[in-house]
Amino acid sequence: TRPQMNANIEPASNAPASGMHSPPAAAKPGDTLLTRTSRTTAQRRLAPVENALCGATAGLVSRALVSPFDVVKITLQLETAKSASRLRTGSVIACATRIMHAEGVRGFFKGNLSAEYLYLSYGAMQFLAFGTIEAALRRAQAPKRVRSFVGGALAGALATSVTYPFDLLRTRFIAQELSSRVHSSLVEAVGHIYREEGVRGFYRGLWPACLQIMPYMGIVFTSYDMLASGYRWARRTVLSESPILRLLDPVQDAVIGAGAAVIGKTCVYPLDLVRKRLQIQGPHLLSYAHGRVPKYVGMSDALMYIVRQEGVLALFRGLTPALIKAAPASATVFFVFGHTRDLLLSLRP
């Protein structure tokens, strides 16, 4: 699951320990990074290019940490009831054990190159789009909740559409066995898909991806706003002296971001599973996921088939590693984005 953050959300706490999240101002004698970033909200706002740079950096760091979870999640998503029974990989631990036994440590990093390109380009595009859209809605005097939801949804859909080929390539690399590869390299895979499936082949499953990402991003940005507001309220009132919250102040973006990601991921997970199964459709379907994924006509056909043949719970296959992955991935994005933002703002004259 991909990174997300509202670049201009107010800091969750106004405690001195979290001054790194506060707005910057002109330097004064004796200023440090913490004190220089604590003056006016207007000066905290990043330019579109700065948003893109922060998003790209956060995406790359996040991807490096969550690749094994991603491989396990997608492997489980592509398993039908029959293949899960035959391979005995219905659980997270069983699936991870089988990957390790069959492919070694390398198996947990299949598709990592295309995934790095995906996270880099997606992070940059998402934050660039969100900053632009959110600024336009602010000028139109839209309420804060509306700016968060609409800005997050539109930015997510745009970033998904632009970077979708990398997402499809990642899925296909993960779905193939290292011992019987369909594609040997990223460049070869691009040429192969283009020759056999055309441009359309790079966008299999795009519709459920957009249907998924729009509410997901809207839910995540809105959840982040609500959780951050609750944190600020608690920090100012009933829990102002709480030693636990004082410890959380330096990493508040990470903690709140992780919570928002878990809420969003759970709400839209069935569409994510359908998207993955559609991404491996094509002339080499039988070469992916042990040849057990049926041929689907489209999103509706896939949803009905899974419910009818595998049960409703099958739509949530792989949710556990997805949530395990979503929390640290989103937490890393919020944390790295915040620190990258503060570094850029500290360098301003």
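**View 1. The largest pocket of the predicted model****.** The largest pocket has a volume of about 270 Å³. Its lining is made up of 15 residues, and R200, R204, G205, V297 and G298 are the ones nearest the pocket centre. Helix α8, which covers residues 206-236, contributes the most to this lining, with three residues. Sorted by class, the lining of the largest pocket holds eight nonpolar, four polar and three charged residues.

**View 2. The second largest pocket****.** This pocket has a volume of about 230 Å³. The second largest pocket is lined by 15 residues, with F109, K110, G111, F173 and S184 lying nearest its centre. Helix α5 (residues 112-139) supplies the largest share of the lining, three residues. Seven polar, five nonpolar and three charged residues make up the lining of the second largest pocket.

**View 3. The largest nonpolar core****.** This core has 28 residues, of which L78, I280, V293 and I306 touch the most other members. Two or more residues come from each of the elements α2 (48-77), α4 (92-103), α6 (144-175), α10 (252-279), α11 (299-310) and α12 (319-346). Another core, of 24 residues, lies apart from the largest one, and V220, Y224, I256 and F334 are among its residues.

**View 4. Surroundings of V293****.** V293 is one of the residues that touch the most other members of the largest nonpolar core. When neighbours within four places in sequence are left aside, V293 is in contact with L78, T80, R277, I280, Q281 and L285. Of these contacts, L78 and I280 are also named among the core residues that touch the most other members.

Technical notes. Residues are numbered from 1 along each chain as its sequence is written. This is a predicted model: local features need pLDDT of at least 70, side-chain atom pairs count only at pLDDT 80 or more; totals for chains, interfaces and linings use all residues. Side-chain values use heavy atoms; hydrogens and water are left out. On a 1 Å grid over the protein atoms alone, a cavity is a set of points where a 1.4 Å probe fits but cannot get out, and a pocket is an open set with protein on both sides within 12 Å along at least five of seven lines; lining residues have an atom within 4 Å of a point. Grid points are joined across faces, edges and corners, and a volume is the space filled by probe spheres set on the points. Helices (H or I, at least four residues) and strands (E, at least two) are DSSP runs, numbered from the N terminus. Ala, Val, Leu, Ile, Met, Phe, Trp, Tyr, Cys and Pro count as nonpolar, Asp, Glu, Lys and Arg as charged, and the others, Gly among them, as polar. A nonpolar core is a set of buried Ala, Val, Leu, Ile, Met, Phe, Trp, Tyr and Cys residues joined through side-chain atoms within 4.5 Å. Buried means under 20% relative accessible area, exposed over 50%, partly exposed in between (1.4 Å probe, protein chains only). Contact means heavy atoms within 4.5 Å.
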